[in-house]
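Open the structure in your viewer and keep the selection tool at hand. This tour tells you what to select at each stop and what is there.

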Amino acid sequence: MANERKGAVELASTLPTTDLPTSPRQQFERLVTDERERAVRLAYHMLGGDRAAAEDVAQEAFLRAYHALPAFRGAARLSTWFTRILLNQVATHRRRQWVRDRFLALWGVAGAPPALIRDPPPTTAASSLRDLGLRVRMQRALLGLPQGQQRVFVLVHLEGLTVAQTAEVLELAPGTVKSHLHRALKRLRLELDDLREVEP
Amino acid sequence: MSVHQDERRDDAGDRRFVDRFRKAWGPVEFSPRAATAFSARLLARVDGGGRRRLGLPTLIGVAVVAAMAVAVWIGRVGSLPDVDWLASLADAESVLSSSTVLDAEEATDDAGVDGDATDADNEDLELNHEYQMLLAWVAPSDQELEDGWTP
């Protein structure tokens, strides 16, 4: 989880004004360098562990940011602004995926298997078949959360943001973030009651 | 047990659950090589004008237009048997009008045996009327012929 903690620190930091690149292109390249790892990681969590889709979504989010960068007026931190773009792109991707799955279902075509089955992570505790099954259930539980609860759970518990930082990114009141977090945890604990089994 | 004790126990349970969740979920590997490849791919897309893949709405639009084109084509092909059917009807009419029975009645009529219209006359007129109507429907108008209409 060191990477997640590092990402939280990066998000919390503000680029010093003196270090700001001069041209929009330089500013964009700096944004990519600073945010690419966190962007892919966040998209990965939000998409339930689909690495390929996470990279695609992150690429699209960066492209959108590139086109919108000239209009960025600094009302929020650049990383916060970009995180919003990324989360919107994730929502767009999931909406398209939903439509695609329904369209395929109409023709009796089974959708693609879960990404974790297609491309299981090699170095995690989910390397055995039994744990992979649990991992798929975790994925379903995470993706089954309402969008607001899922965002809050991922940002706070997987990305390591504070409630205040999460509230800023999602433009919500801190009390709303806490409420989402409470409900998300309650639901996940109910659905993944046997999670302790994966511990070594 | 007090409410505060319950809340503390819940908080501790939540923390343990989150720790277990993180362990089971595992880290997201992003090697320096993958990071470099990611940036190179992204900057190439930026330099290439940010060309986007065809989205689902675009694909659906293309599919609908293609389906309409196929439907129009099938409609044109499907209308050909109708034209053949009309032609065969006209042929049948001409055969019928020249049949022996009609010819015989016509001959009788021509000989002045029956001054009124015979059944053959009536049937012939009726068929002829229908045929003219069909011809008017099928045959291109003068304006269409001027416009270069071809069957």
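The stops below go from a whole chain to the interface and then to single pairs of side chains.

**Before you start.** This is a predicted model, in which local features need pLDDT of at least 70 and side-chain atom pairs count only at pLDDT 80 or more, while totals for chains, interfaces and linings use all residues. Residues are numbered from 1 along each chain as its sequence is written, chains are lettered from A and ligands numbered from 1 in the order in which they are written, and side-chain values use heavy atoms, with hydrogens and water left out.

**Stop 1: chain A.** You will find nine helices and zero strands (DSSP runs numbered from the N terminus; a helix is H or I with at least four residues, a strand E with at least two). Of its 200 residues, 48% count as buried (under 20% relative accessible area; exposed is over 50%, partly exposed in between, with a 1.4 Å probe and protein chains only).

To see one of them, select A:Asp56 and B:Arg41, whose N to O distance is 2.8 Å. Next select A:Arg25, A:Glu29 and B:Asp47, which a network of salt bridges links.

**Stop 2: B:Asp14.** Go to helix H1 (residues 3-25) of chain B and pick B:Asp14. Is B:Asp14 buried or exposed? It counts as buried, because its relative accessibility is 17%. Leaving out residues up to four places away in sequence, B:Asp14 touches A:Leu185 and A:Arg189.

**Stop 3: helix H2 of chain A.** Select A:Arg30 and A:Asp34, which form a salt bridge at 3.2 Å, N to O. They are four residues apart in helix H2, so about one helical turn separates them. A:Glu35 and A:Arg38 also form a salt bridge, with the closest N and O atoms 2.6 Å apart, and both residues are buried.

**Stop 4: a link along the chain.** Finally, select A:Glu159 and A:Arg41, a salt bridge with the closest N and O atoms 3.1 Å apart. A:Glu159 lies in the loop between H7 and helix H8 (163-170) and A:Arg41 in helix H2, so the pair ties together parts 118 residues apart in sequence.

Definitions and conventions:
Salt bridge = Lys/Arg side-chain N within 4 Å of Asp/Glu carboxyl O. Contact = heavy atoms within 4.5 Å.
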